[in-house]
Amino acid sequence: MGIVEIDNIAYEYIRRDEEGNVEGIVRAIDGISLDIKKGEFISILGGNGSGKSTLAKQINAILYPCEGTVYVDGKDTSDEENIWDIRQSAGMVFQNPDNQIIGSVVEEDVGFGPENMGIPTPEIIERVNEALKTLRMYEYRKHSPNRLSGGQKQRVAIAGVVAMHPKCIIMDESTAMLDPIGRKEVIRAARALNDVEKVTIILITHYMEETIYSDRIVVMDKGRVAMTGTPKEIFSRVDELKKLRLSVPQSTALAYELKKRGVRLGEGILSGKELVTALCRSYATM
Amino acid sequence: MIRDITIGQYYQTDSVLHRLDPRDKLAGTLIFIISLFVAKNVTSYAVATAFLIAVILLSKVPMSFILRGMKAVVIILLITVLFNLFLTPGITFVSFWKIRITYEGMKTAAYTAVRLTYLIIGSSLMTLTTTPNNLTDGLESLMKPLGVFRVPVHEIAMMMSIALRFIPILMEETDKIMKAQLSRGADFESGGLIKRSKALIPLLVPLFVSAFRRANDLAMAMEARCYHGGKGRTKMKPLVYRGSDYIAYAVIIMYFVLIVIAQRVGML
Ligand SMILES: Nc1ncnc2c1ncn2[C@@H]1O[C@H](COP(=O)(O)OP(=O)(O)O)[C@@H](O)[C@H]1O
Ligand SMILES: [Mg+2]
């Protein structure tokens with residue numbers, strides 16, 4: 001059984017006018033089924049408005065589906081009783097680092113989740129220190145979050161979730177507002193959590209480069225799953241990706257164009273390094 | 001101008017007063033303020049003065065820093081004093097033209113001036129020596145009994161601490177929007193009051209929009225981290241009284257008793 005099981009769900013945002021009459025309906029999710037295994041690193045790609053955030057909020061029980069069911073760790077998200085268990089086992093990191101840090105001191109913010117869960121004081125302190133060390137933010141524990149860089153703030157936010165000992169962490173475009181260095185920091189942290197702590201990671205992004213290490217990529221479009229597969233499989237379908245207005249990594253795009261013009265290269269080249277090796281090999285065999 | 005107000009500001013240093021439990025300082029400040037209204041003669045004011053000087057010395061906050069906070073309220077102080085001076089009825093001391101100053105007026109004016117000054121110094125000493133977080137924690141703990149009357153104590157404290165966290169962020173944002181509008185030719189400085197207030201609209205509207213968006217995001221982030229009010233919540237840093245805190249309570253009670261005695265047996 002997977003940690004997250006999404007069974008044919010749909011979700012509609014209903015806009016109402018002042019009198020409460022329905023003004024418009026946006027079907028943000030339109031029939032999605034997805035099984036996420038324990039310890040998996042899964043990336044969700046998709047353009048703006050494709051329904052990524054709406055899907056993420058289903059997993060964290062912030063929203064629950066209009067049709068179909070979502071199970072997190074075997075628990076139904078639409079059952080009120082499970083809500084706190086689900087939010088503890090599936091933590092969420094949001095996009096804007098400033099708007100998700102609650103405490104005025106780093107360590108107090110990380111302690112916020114465990115405090116809400118009613119963990120005894122000595123264990124909170126233990127969890128906070130451990131989480132800050134995992135995210136390599138321990139030396140900043142007494143600092144004010146206002147003085148940290150974007151990448152550091154996001155790591156504090158992740159530590160805040162880690163301190164709740166979740167089984168699964170959803171990152172909803174958590175790198176979107178960061179500079180390239182900050183983005184690298186956050187992605188490295190996510191990979192470390194997945195490798196070392198065996199936390200399931202659901203990484204939502206529209207930067208394709210960030211998804212190359214994932215076990216599986218799900219591409220979303222208009223509230224549906226447009227493609228799924230390993231990074232190599234997905235990245236070899238460049239034309240389809242472009243049609244969904246997703247920017248393909250430069251080296252992948254270059255390899256694709258070269259192949260179209262008859263250069264013999266392997267499938268799904270993801271990084272510059274891979275491209276260079278493949279090109280050398282192809283040149284040697286010519 | 002905002003920078004001049006020291007009330008509500010924290011002065012970072014290490015002193016006996018800084019290390020005291022915030023509940024001590026809150027209760028102490030309250031008792032001190034009450035004592036200022038009990039005291040009505042020279043002897044009792046002498047006791048209050050001695051106590052205040054002792055506390056200032058203990059706090060290690062430089063006098064210049066405390067007085068800087070007074071600057072912001074000096075006008076209010078002046079107005080109150082002048083009102084008392086000219087409008088108190090009694091035996092005439094001097095009179096010229098239509099103005100009359102009485103003995104009673106002089107006395108009340110002097111007492112009011114001292115009382116207000118002490119009140120402001122006393123309460124700013126509390127905020128100068130207590131971090132905002134500590135202060136909200138203290139308030140929450142002291143107000144807890146009010147929960148019986150359905151006062152949302154935890155929520156009030158949470159709101160205060162969130163406000164404290166977001167004040168610097170919103171200040172920075174105001175600055176950013178201001179610069180953006182200035183670069184588009186906005187003029188915040190010239191013209192009369194009405195023109196200047198109108199000029200604030202392009203500053204306030206984006207600021208409010210952004211503040212509401214932040215509030216929305218933050219509420220969701222809090223819920224995602226299992227926040228569901230104060231019920232069943234534990235504390236990472238609970239307030240615990242230590243020996244020195246009990247001593248401080250004893251001292252402040254002794255001070256109050258002294259004031260009451262001085263008021264009874266003192267002169268003037
Ligand atoms: N609170 C909301 N009310 C109404 N419509 C919404 C709301 N949030 C999102 N939508 C709509 O739902 C669709 C999916 O949005 P979202 O899940 O935020 O996409 P993504 O995160 O992939 O950019 C969009 O068409 C968007 O306009
Ligand atoms: Mg989104």
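The residues of the shell around ligand 1 fall into three classes: 3 nonpolar, 7 polar and 1 charged. The model is predicted, and the tour begins at this ligand.

**Stop 1: the shell of ligand 1.** Select ligand 1 together with the residues around it, A:Tyr13, A:Val26, A:Ala28, A:Gly47, A:Asn48, A:Gly49, A:Ser50, A:Gly51, A:Lys52, A:Ser53 and A:Thr54. Next, display the side chains of three of these residues. At A:Tyr13, a polar side-chain atom lies 3.5 Å from a nitrogen atom of the ligand. At A:Ser53, a polar side-chain atom is placed 2.7 Å from an oxygen atom of ligand 1. At A:Thr54, the distance from a polar side-chain atom to an oxygen atom of ligand 1 is 2.4 Å.

Now colour the secondary structure of chain A. Two elements, strand E2 (22-36) and helix H1 (52-59), each give two or more residues to the shell around ligand 1. Which element supplies the largest share of this shell? It is H1(A), with 3 residues.

**Stop 2: the second largest pocket.** Move to chain B and select B:Leu17, B:Leu20, B:Phe51, B:Val55 and B:Ile252, the lining residues that lie nearest the centre of the second largest pocket. The complete lining has 23 residues, and the space within the pocket is about 480 Å³. By class, the lining residues divide into 16 nonpolar, 5 polar and 2 charged.

To see where the lining comes from, select helix H1 (16-19), helix H2 (22-38), helix H3 (42-59), helix H6 (103-129) and helix H11 (243-265) of chain B, each of which supplies at least two lining residues. The largest share, 6 residues, comes from H11(B).

**Stop 3: A:Arg245.** Return to chain A and select the loop between helix H8 (238-243) and helix H9 (250-260), where A:Arg245 is found. This residue is not a glycine, yet its phi is positive, at about 60°. Is A:Arg245 buried or exposed? A:Arg245 is exposed, with a relative accessible area of 65%.

**Stop 4: B:Lys60.** Finally, in chain B, select the loop between H3 and helix H4 (63-71), which contains B:Lys60. Phi of B:Lys60 is near 65°, a positive value in a residue other than glycine. With a relative accessible area of 52%, B:Lys60 is exposed.

Terms used: Residues are numbered from 1 along each chain as its sequence is written. Chains are lettered from A and ligands numbered from 1 in the order in which they are written. This is a predicted model: local features need pLDDT of at least 70, side-chain atom pairs count only at pLDDT 80 or more; totals for chains, interfaces and linings use all residues. Side-chain values use heavy atoms; hydrogens and water are left out. A residue is near a molecule or strand if one of its heavy atoms lies within 4 Å of it. A polar contact is a pair of N or O atoms within 3.5 Å; within protein, one must be able to donate a hydrogen and the other to accept it, and residues adjacent in sequence count only if both atoms are side-chain atoms. Helices (H or I, at least four residues) and strands (E, at least two) are DSSP runs, numbered from the N terminus. Ala, Val, Leu, Ile, Met, Phe, Trp, Tyr, Cys and Pro count as nonpolar, Asp, Glu, Lys and Arg as charged, and the others, Gly among them, as polar. On a 1 Å grid over the protein atoms alone, a cavity is a set of points where a 1.4 Å probe fits but cannot get out, and a pocket is an open set with protein on both sides within 12 Å along at least five of seven lines; lining residues have an atom within 4 Å of a point. Grid points are joined across faces, edges and corners, and a volume is the space filled by probe spheres set on the points. Buried means under 20% relative accessible area, exposed over 50%, partly exposed in between (1.4 Å probe, protein chains only).
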